[in-house]
Protein chains: 2
Amino acid sequence: MSRFQILPDAAPSQSAELMPCAACDVRELSICSALRGPELDRIAALVSRSPVGAGQTLFQEGDEANAVYNIIEGAVRLFKLLPDGRRQITGFLFASDFIGLALKDRYAYSAEAITGTVVCRFPRVKLESLFEEMPRLENRLLRQASNELIAAQDQMLLLGRKTAVERLASFLMALAQRQGRAKTGDTVDLPMTRTDIADYLGLTIETVSRGFTRLRKDGLIETPDSHSAVLRDAEGLRALTESG
Amino acid sequence: MSRFQILPDAAPSQSAELMPCAACDVRELSICSALRGPELDRIAALVSRSPVGAGQTLFQEGDEANAVYNIIEGAVRLFKLLPDGRRQITGFLFASDFIGLALKDRYAYSAEAITGTVVCRFPRVKLESLFEEMPRLENRLLRQASNELIAAQDQMLLLGRKTAVERLASFLMALAQRQGRAKTGDTVDLPMTRTDIADYLGLTIETVSRGFTRLRKDGLIETPDSHSAVLRDAEGLRALTESG
DNA sequence: CGAGGGTTTGAATTAGATCAACTCTCGTGG
DNA sequence: CCACGAGAGTTGATCTAATTCAAACCCTCG
């Protein structure tokens, strides 16, 4: 599971606990890329790394927001619930993604691990007190927030105005993009269930399933198993995401 | 229209052009509240204030993003279009709101004035170069972005999982909140058309209209005219926004 | 007074939801 | 080794919330 095991000369575990950041797999991709050597040491003293089992809750909507997280490995779903149980997944996050931009004093959504996941935990107060010393970090977070806002608006367009197949095509291509596998022939990983996809796209699982069959019958994808999709016609899919 | 006209001892127009910020109606409410006296002067040298007629375009999705804006007065809609004309309004903005958090090098959405509007324009490059000198400004923007992300997630829940009436009730209460008029008996201003509301809520104008009649017949609101709504039962409306 | 937005209301249509049955894995244990 | 059950996914039949199509009904403004 952990990629640490295959590193040729991984640091001994003691060192890894004291200073996990230097050996972090996702450092260059995450917000930590904004940090220079000595700053990294400061951060290293604050963070703690921990595994989260599949289906486990990281935090719940309404909880006091006293930590933010970096995902080291795995996949996480963020979601909001209505009192009667209707669920809207507001995002899927993966290795190197940051959780905790959208919060005041309490979390605005719940977070659960989809698969076995490893996260890096930052106590929020301590982190914020570092902003003054490390303006690059704050700048990096602002950029990140900017990107998430753009993604959020794309999702609003999807939820408000796209048809079921268009939603599914958009979802697959966005996921493909995120995985750097958006060309015909590439295989996209789908760690989440159909129910998750439905709750992300504002549909039911039946409609999602029918969407997959449609795309399959139209020769746009293949589905070797329910947790992966092969792009048979990336251009055709992309056309669907912006169809008219 | 302009509240400047009724200020008892408004600065002469020359001074207002050179240093509009000091006399700005929305200064304390906008991101400029993060600025201290001398900083305000620096900013004042950069900004330009200008009126935008109802229906006029501020910028279009895809344009080079070389300015951000503060709304001084009026109302603005942000939206995205699909090639075939389907439109999703991603937000309505009002006096003191900031436009331009969600962008890379190009705007991710278009912006149009709904009513007669006055905006304050910040050249983007110059503004960003000030971040280093004014960390409080960047911090303020990050907070703002955080709030917008929360709002965006609420909107996803609305678009993905709420019924037509629930969407309308949520919209009315959110608008009422923004206007500080969320109690029974209060009147909410609706500067936008039914078409705008429909494109914001992911519905058609007919469904929005039927929604208003429903709320009216259920005694939750009154609609003296199409551009205002009186809250007859704020609690009932709130219940609808989180119904189950 | 007449034209043209914007809005409302009614009737017919449909995309997607709901209800229901069946399949496919996969893990457990006799 | 096979029976069994549970969870996830697919497929079909029916239903419904919202859309589409159509017709009035405002207003305001020239």
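Is B:S96 buried, exposed or partly exposed, counting C-beta neighbours inside 10 Å? With 19 C-beta neighbours inside 10 Å, B:S96 counts as partly exposed; a residue is buried if 20 or more other C-beta atoms lie within 10 Å of its own, exposed if 12 or fewer, and partly exposed in between, with C-beta atoms placed from the backbone. This is a predicted model, in which local features need pLDDT of at least 70 and side-chain atom pairs count only at pLDDT 80 or more, while totals for chains, interfaces and linings use all residues. Residues are numbered from 1 along each chain as its sequence is written, and chains are lettered from A and ligands numbered from 1 in the order in which they are written.

**Contact between chains A and B**

- In the model, 36 residues of chain B are in contact with 36 residues of chain A, where contact means that the C-beta atoms of two residues, placed from the backbone, lie within 7 Å.
- On the side of chain B that touches chain A, β5 (87-94) and α4 (135-161) of chain B each supply at least two residues; helices (H or I, at least four residues) and strands (E, at least two) are DSSP runs, numbered from the N terminus.
- The largest share of that side, 18 residues, comes from α4(B).
- The side of chain B that touches chain A consists of 18 nonpolar, 10 polar and eight charged residues. Here Ala, Val, Leu, Ile, Met, Phe, Trp, Tyr, Cys and Pro count as nonpolar, Asp, Glu, Lys and Arg as charged, and the others, Gly among them, as polar.

**Surface near DNA strand D**

- There are 17 residues around DNA strand D, of which A:R194, A:S209, A:T213, B:T163 and B:T207 come nearest; a residue is near a molecule or strand if its C-beta atom, placed from the backbone, lies within 6 Å of it.
- Two or more residues each come from α6 (194-201) and α7 (205-217) of chain A and from α7 (205-217) of chain B.
- With six residues, α7(A) gives the largest share of the surface near DNA strand D.
- By class, this surface has four nonpolar, nine polar and four charged residues.

**Surface near DNA strand C**

- Around DNA strand C there are 17 residues, and A:T207, B:T193, B:R194, B:S209 and B:T213 come nearest.
- The elements giving two or more residues to this surface are α7 of chain A together with α6 (194-201) and α7 of chain B.
- The largest share of the surface near DNA strand C is six residues, from α7(B).
- The surface near DNA strand C divides into four nonpolar, nine polar and four charged residues.

**Domains of chain A**

- Chain A is divided into domain 1 (3-136) and domain 2 (159-241), with bounds that come from an automatic or database domain assignment.
- The centres of domain 1 and domain 2 of chain A, taken over C-alpha atoms, are separated by 27 Å.
- In chain A, 10 residues of domain 1 are in contact with six residues of domain 2.
- β4 (75-81) and β5 of chain A each supply at least two residues of the domain 1 side, and β5(A) gives the most, with five residues.
- That side of domain 1 has six nonpolar, two polar and two charged residues.

**Sheet in chain A**

- An open sheet of three strands in chain A has the order β9-β11-β10, with antiparallel pairing; two strands pair if DSSP finds at least two bridges between them.
- β9 (187-189) and β10 (221-225) of chain A each have a single partner strand and stand at the edges, so one side of each is left without a neighbour in the sheet.
- Three bridges join β10(A) to β11 (residues 228-231) of chain A.
- A:D225 has A:S228, in β11(A), as its bridge partner.

**Positive phi at S96**

- Most residues other than glycine have a negative phi.
- A:S96, which is not a glycine, has a positive phi near 90°, and its place is in the loop between β5 (87-94) and β6 (98-99) of chain A.
- A:S96 is partly exposed, with 19 other C-beta atoms within 10 Å.
- B:S96 has a positive phi of about 85° and lies in the loop between β5 and β6 (98-99) of chain B.

**Surroundings of B:V76**

- B:V76 lies in strand β4 (residues 75-81) of chain B and is buried, with 24 other C-beta atoms within 10 Å.
- B:V76 and B:I114 are 38 residues apart in sequence, and their C-alpha atoms are 5.2 Å apart in space.
- Leaving aside neighbours within four places in sequence, the contacts of B:V76 include B:L58, B:I71, B:L93, B:I99 and B:I114.
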